[in-house]
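Open the model in your viewer and keep the selection panel at hand. Each stop below names what to select and then says what is there.

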Amino acid sequence: MIDFLQWAGCITGVAGASLLALNTKHSGWGFVLFLISNGFWMAFGIQTNAPGLIATQAVFTATSLLGSYRWLMSARH
């Protein structure tokens, strides 16, 4: 399970960063992938007792939520 969480966090994080780097009208979905990645990394941090990783991902979750709101909600107006 730990390997799954680690690799799922890695793959969704890299996919999210790649989507944002493309800077297309669909790039905002990269923040959604970041949110998924944050969840995997927090679960990994809990399983491996890594409080620094958990704290970092908690902050990244907040930035991912802000990015999701700005990209996806503002596109509707």
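Select helix α2 (29–47) and colour G30, F31, S37, N38, W41, F44 and G45, which are buried (under 20% relative accessible area; exposed is over 50%, partly exposed in between, with a 1.4 Å probe and protein chains only). Helices here are DSSP runs of H or I with at least four residues, numbered from the N terminus.

This is a predicted model, in which local features need pLDDT of at least 70 and side-chain atom pairs count only at pLDDT 80 or more, while totals for chains, interfaces and linings use all residues. Residues are numbered from 1 along each chain as its sequence is written, and side-chain values use heavy atoms, with hydrogens and water left out.

Now show what covers the buried residues of α2: this includes α1 and α3 (51–73). Zoom in on S37, which counts as buried at 5% relative accessibility. Leaving aside residues up to four places away in sequence, S37 touches G9, T12 and G13 (contact means heavy atoms within 4.5 Å).

Move to helix α1 (residues 2–22) and take the distance between its end C-alpha atoms: it is 30 Å, which agrees with the 30 Å that 21 residues should span at 1.5 Å a residue. That expected span is 1.5 Å times one less than the number of residues. Which residues of α1 are buried? They are L5, A8, G9, T12, G13 and G16. Looking down the axis of α1, you will find them within an arc of 125°, so they line one face of the helix. They pack against α2. Turn to the face away from this buried side to see the exposed residues D3, W7, I11, A21 and L22. Just after α1, select N23, which has a positive phi of about 50°.

Last, select the aromatic rings. How many aromatic pairs does a search of the whole structure find? There are 3; rings of Phe, Tyr and Trp (its six-membered ring) pair if their centres lie within 6.5 Å, with planes under 30 degrees apart called stacked, over 60 edge-to-face and the rest tilted. One of them is F4 and F40, edge-to-face at 5.7 Å centre to centre with 90° between the planes. This pair links F4 in α1 to F40 in α2, 36 residues apart.

Methods
Helices (H or I, at least four residues) and strands (E, at least two) are DSSP runs, numbered from the N terminus. The arc is that of the directions from the helix axis to the C-beta atoms.
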